[in-house]
Amino acid sequence: MPSSSSAAAAVRTQRHGVLLVATIANPPVNALSAEIRKGLLRAVEAAEADPEVRALVLVGEGRGFIAGADIREFGKPPLPPSLPEVCNRIEASGKPVVAAIHGPALGGGLEVAMAAHYRVALRDAKLGLPEVNLGLMPGSGGTQRAPRLMGVAPALDLMLTGRHLGAREALEAGLIDRIAEEADAEAAGVAYAQQLLASRAAIRRSGDSPLAADIEGARAVLKKAAADTAKKSRGLFSPLKIIEAVEAGLDLPFAEALRNERQLFLQCIDSPQRAGLVHAFFAEREVAKAPETRSARPRAIGSVGVVGGGTMGAGIAVAVLDAGLPVTMVERDEASLARGRANVEKVYDGLVAKGRLTPEAKAAVLARFAGSTDYAAFADVDLVIEAVFEDIEVKKSVFAELDRVCKPGAVLATNTSYLDIDAIAASIARPQDVIGLHFFSPANIMKLLEIVVPAKVSADVVATAFELAKKLRKVPVRAGVCDGFIGNRILAKYRQAADYLVEDGASPYEIDEAVRAFGYPMGPFQVSDLAGGDIGWATRKRKAATRDPRARYVQIADRICERGWFGQKTGRGWYLYPQGARTGTPDPEVLAIIDAERERAGVKPRKFSAEEIVRRYMAAMINEGANVVREGIALRPLDVDVVFLSGYGFPRYRGGPMKYADTIGLDRVLADLREFAQEDPLFWQPSPLLVELVTQGRNFDSLNHPAD
Ligand code: COA
Ligand code: NAD
C-alpha cells in the first residue's frame, strides 16, 4: 500500500549540520514514482518546518540523479501529488534548494533540478529533456524554466532533439551553476550549499524573470523552429506542442504558462503516438533479454574474424572496429582483399573529410585491422562472421575452412539473409558453435541485428551473440531459422502485396507516396531502387522452382530488371535518376511496361485510394507477423515490432506493425484480410493466430507478457 512510510523510504532525509539532505532512492534509475513525488514534497516541508535547517540538498542514490517520470505510469490513472505540484513547491521553498546531480538528470528529473534554486553537477552528469522521444513534452515547468535558464534557442534544441548534455556543455549553457570536483554528489551538494549560505546567496525563482529578455527575437526563433519542425518531424505531434508551450510563455504570467503547459502535456499523453513510442522504448529493452542471456554465460570475445570484404563484410568490420575490437578479414584473393580493405578505409576517410575523425585516430583504428587470403589467420580469433556470396555451396565451403582452422570454442556466424543455417551447421563437425548474425546494410549504421538461432547451437553461443550486440551497440532480436527469418520473410509478403497493387491498378509512385504518408521515410519501390533491384531478382529466380504453382506471380519487376534497370546504381529502376540524382523521378517507360504487363495478365486496372493501399500493405505485414510469432520464429509480437522499427524504417511513433494492429483493432485487420481473400484466398489466408486472438477478444500485446 502506498503510505507515508514508503515515501520516507523513497526519499530519505538526514541532517548535515544546518543542511537537510534528501536522498532519492528508486532503483535502478530513480524514476519519479508517486512515492518519490510524495517524498520530495515532504522533504521541502520538513526543511521549512525545522528552524535549525537553513537549506535543502537534493541528491540521487545509485547510478544517477533522476532519469525522469516513471514511464510505466503513463496511461494509468495519475496518483497525487503531480510532478508540477512538486516542482512548484520546490521552487516556492522559503529556504534555498540545491540539486546535486550525478549521472542522468533527464526529463522530469531535470525539471526537478531546474525548480531548485541552484544546481551543481559531477563530471559524469547527463542532462536532458528527452520527452520528445516518447511522444511527450516537459510537463512540469520544463518548457518555461529551461528557456529562462539557457535562452530560447538552446532550450528548444534540448527539447526538440531530446539530446543529453554533459556537465561542461550544461555549465556553458547556463543549465547548471558549477561543476564539482568531488567524487560524490552528496559531498558536492553539501559543499556548494554551505558556500551559498556563507555568501548569503539569495533564493532564485524562475518565475521571477520573463521567459526572454528579447521578446521579438524569441518570436523569430520560435517561428523558425516551427517551420523546421513541420518539415523534419514527419507527422509527430509533440514537437509542435513544445513550441506552442514556449510561445505561450512569452505572453502569459508564469503560473498561467505552467497551467497551459500541463494542458498541452496531457494532450500528448493521450496521443496514440505516446503509446507507440513508449511501447518502442520498452520493447527495445525487452528484446535484449533473450532466454539464453539468462540461462548461459557468454564466451569471451576479444577478437573477430570476417570472411568477405564486400558491402556487408566491410560494414561489419567497421562496426566491430568501432566497438574497439581487433578484426581480421579473409578474402578469396589479393585483389578482393585490397577492395575489402579499401571498403573499410572509405568509411573512415569519409569521417576524416567531414572533420569528425583525425587522421591519427583513423590510423589508430586501422592498426586493429588485419587482412589475409589464408584462413590460418583465423587460428586465434574468438568469433568469425561470414559474409560471402549468398550461395549455400560457397557458404558450406567457407564453413569447412573455418571448421579446419578455428580454435575449439570459436563462435562461427553467418550473415546469410535467407539460407538454411541448420544446413550450414550440419555440414561441419561443430554445429553447436554455428549461429546466424544477420546485419543490415550499411552494417556499421543500421541498429538491427537478427540473432538467428539454429536447432543445434549451444545456449552460450546465443548468449555470446547478444553480448556482441551490446558491444556493437546494436538492437538484437532473437529469430528462428526459416526463409528470411523475421524481417525479410515478412518483407517478402508486403512487397508481394505492393506488386499485386501495381498490377491491379496503383502506380509504384502512388504506393510509395501512400507509404510515406503513413510515416515511412521511403516507399517500397524507392527502397528497391536504393538497395538494387538485382538482389530481389536473384532471390525470385532462386525461389522460382519451389514457388507454389497456384500462387499469383507478378512479373513487372522482372521486366524492369531484364532491361538492366536495377535502381540508383544503374541510373534507373522504378524511377529515373538522371545524372546521378539521389531522388528519383517517375518514369513513363516504367508505366508503359506496367500497362503491358496488366494487359498480358488480363487485369483490368482500377483506382486505389491511399487509404486502401495502406490497408492492404499493412494487412499483409501484420498477417505474416502473426505467422512468424505463431511458428516461434519471433519470440513475441514485440520482437517483430523491434525488427521493423530498427531495420525497416517503420514509423517509430506507431510502435511497430503489431502494436499498430492492436491500435486499429485486430478484428478490423481480420475483416480486411477476409475481404481481400475473396480475390485471392491463398495469399490473404488469415493467420490462425490472428483468428484465435480475435475469437478470444485478445490483442497481440497480451502475448508480450506471458508471465502477467
Ligand atoms: N521510467 C521507468 N523505467 C525506466 C525509466 C523511466 N523513466 N528509465 C529507465 N527505466 C528502466 C528501463 O526500462 C530498464 O528496466 P529493465 O532493467 O527492467 O529493462 C532500467 O530502467 C535500466 O534502463 P536502461 O535504459 O537499460 O539503462 P541505461 O543505463 O542504458 O540507461 C537511462 C539509463 C536513464 C539513460 C535510460 O534508461 C533512459 O534514457 N531512460 C529514459 C529517460 C527518459 O526518457 N526520461 C524522460 C521520461 S518522460
Ligand atoms: P558482396 O558481393 O558485396 O560481397 C561478397 C564478398 O565475399 C566479395 O568481396 C567476395 O570476394 C567475397 N567472397 C566470395 N567468396 C569468398 C570466399 N570463398 N572466401 C572469402 N571471400 C569470399 O555481397 P554482400 O552484399 O556483402 O553480401 C554478403 C552476404 O551478406 C550475403 O550472404 C548476403 O545475403 C548477406 N546480406 C546482404 C545484405 C545487403 O544488403 N547487401 C544485407 C544483409 C545480409
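User: How far does a polar side-chain atom of tyrosine 375 lie from a nitrogen atom of ligand 2?
Analyst: This is a predicted model: local features need pLDDT of at least 70 and side-chain atom pairs pLDDT 80 or more, while totals for chains, interfaces and linings use all residues, and side-chain values use heavy atoms, without hydrogens or water. Residues are numbered from 1 along each chain as written, with chains lettered from A and ligands numbered from 1 in written order. The pair is a polar contact (N or O atoms within 3.5 Å). Tyrosine 375 and the nitrogen atom of ligand 2 are separated by 3.3 Å.

User: Which side chain has an N or O atom 2.5 Å from an oxygen atom of ligand 2?
Analyst: Methionine 312 also meets an oxygen atom of ligand 2, at 2.7 Å, but through a polar backbone atom. The side chain at 2.5 Å belongs to lysine 395.

User: How much of the accessible area of ligand 2 does the protein cover?
Analyst: Accessible areas come from the Shrake-Rupley method with a 1.4 Å probe. On its own, ligand 2 has 840 Å². The protein covers 80%.

User: Which element gives the largest share of the shell around ligand 2?
Analyst: The shell holds 24 residues, each with a heavy atom within 4 Å of the ligand. Elements are DSSP runs: helices (H or I) of at least four residues, strands (E) of at least two. Those giving two or more residues are α14 (311-322), α17 (392-405) and β15 (434-439). The largest share, 3 residues, comes from α17.

User: Which helix gives the most to the shell around ligand 1?
Analyst: 19 residues surround ligand 1, with Arg63, Ala67, Ala69, Arg285 and Lys289 the closest. One helix gives 3 residues to this shell. That helix, residues 272-286, is α12.

Technical notes. Polar contact = N/O pair within 3.5 Å; in protein donor to acceptor, adjacent residues only side chain to side chain.
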